[in-house]
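Please consider the following explanation alongside the sequence and the three-dimensional view. It is intended for a reader who meets this structure for the first time.

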Amino acid sequence: MSYRIVYDLAAVRLPAATLRPHVADSSFYADQYLLMELGGDNNVYEGRGSLRARSWSLIGAGQNWEIMREVVQYAASCEGGGMRFSGVSETQAETYIRKCRTVLRGAVSAQALLDRGITCTGKFALRKGPVSAWLQKRVDELSAIKAPEMTGETPVWSWLNLLRDPKDAAIFLAYSNLDDAPVYNRATVHGPCHERHAIMKGLIPLAECAA
């Protein structure tokens, strides 16, 4: 039976004060977070070698409680052996939740992960289906901040650099839910995949840097 192996987790803390100047969104009264996971299927290998393939994904974006709400859903995959941490035969859902909460608590600055070779770009499109008055208002607000590209008749906002550009991060956090795709399909994360140590090892949490 195939299952997902989780090798590493990383989290970025984006201070609300750096986001508010770019987008007037009510959620920016609190700091925002990006939670990234390094994982892969147990039966997928790189080329013809014996090294398992793995890649980074963005699995949460928003306030810490919003991300933990998503994490709880992901954790259900641990039941029955569908997901586990690397090096163990099984992982309890509670263990996965606790680990994600700990990583979020130790979230670092965007620059700290950039210095470790992590990049994260966002892309999202307007969801398909009828456009309500509320949805059209949101699209108009966003279009005034960043003009969309058009894929056929669908507006698309792409090449949002979530770690390097606070404006891009603010746009993604405030508006990417115009797309109803899961957050891991709205962003692409690149970074080292075969490090011996956790990517955040030795980094100082942003909360401690600001203290």
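The model is predicted, with local features requiring pLDDT of at least 70, side-chain atom pairs counting only at pLDDT 80 or more, and totals for chains, interfaces and linings using all residues. Residues are numbered from 1 along each chain as its sequence is written, and side-chain values use heavy atoms, with hydrogens and water left out. Helices (H or I, at least four residues) and strands (E, at least two) are DSSP runs, numbered from the N terminus. Two strands are said to pair if DSSP finds at least two bridges between them.

Strand 2 is largely enclosed by the rest of the structure, because 9 of its 10 residues are buried; buried means under 20% relative accessible area, exposed over 50%, and partly exposed in between (1.4 Å probe, protein chains only).

Another open sheet is formed by 4 strands in the order 6-7-5-8, with antiparallel pairing. Its edge strands are strand 6 (149-151) and strand 8, each of which pairs on one side only. The twist from one strand to the next averages 25 degrees. Strand 5 (residues 119-125) pairs with strand 8 (residues 187-190) over 4 bridges, and it pairs with strand 7 (residues 154-161) over 4 bridges. Gly-122 has Ala-187 as its bridge partner in strand 8 and Leu-160 as its bridge partner in strand 7. Thr-121 stands opposite Asn-161 in strand 7. Helix 6 lies across strand 5, strand 7 and strand 8, running at about 135 degrees to strand 7.

Helix 3 (residues 93-105) has 13 residues and reaches 19 Å from its first C-alpha to its last, close to the 18 Å expected at 1.5 Å a residue, where the expected span is 1.5 Å times one less than the number of residues. Which residues of helix 3 are buried? They are Ala-93, Tyr-96, Ile-97, Cys-100, Val-103 and Leu-104. These residues lie on the same side of helix 3, because they cover an arc of only 130 degrees around the axis, taken from the directions from the helix axis to the C-beta atoms. Their cover includes strand 1 (4-14), strand 2 (32-41), strand 3 (55-62), helix 2 (64-75) and strand 4 (83-85).

A nonpolar core is a set of buried Ala, Val, Leu, Ile, Met, Phe, Trp, Tyr and Cys residues joined through side-chain atoms within 4.5 Å. Of the 65 residues in the largest such core, Leu-58 and Tyr-96 touch the most other members. Strand 1 supplies the largest share of this core, 8 residues. Neighbours within four places in sequence aside, the residues in contact (heavy atoms within 4.5 Å) with Leu-58 include Leu-34, Leu-35, Cys-120, Phe-172 and Ala-187.

Finally, Asp-140 lies in helix 5 (residues 133-145). Asp-140 counts as partly exposed, because its relative accessibility is 44%. From C-alpha to C-alpha, Asp-140 and Ala-24 are 14 Å apart in space, and they are 116 residues apart in sequence.

Technical notes: Axes fitted to C-alpha atoms, helices over the stretch in contact; angles between N-to-C directions.
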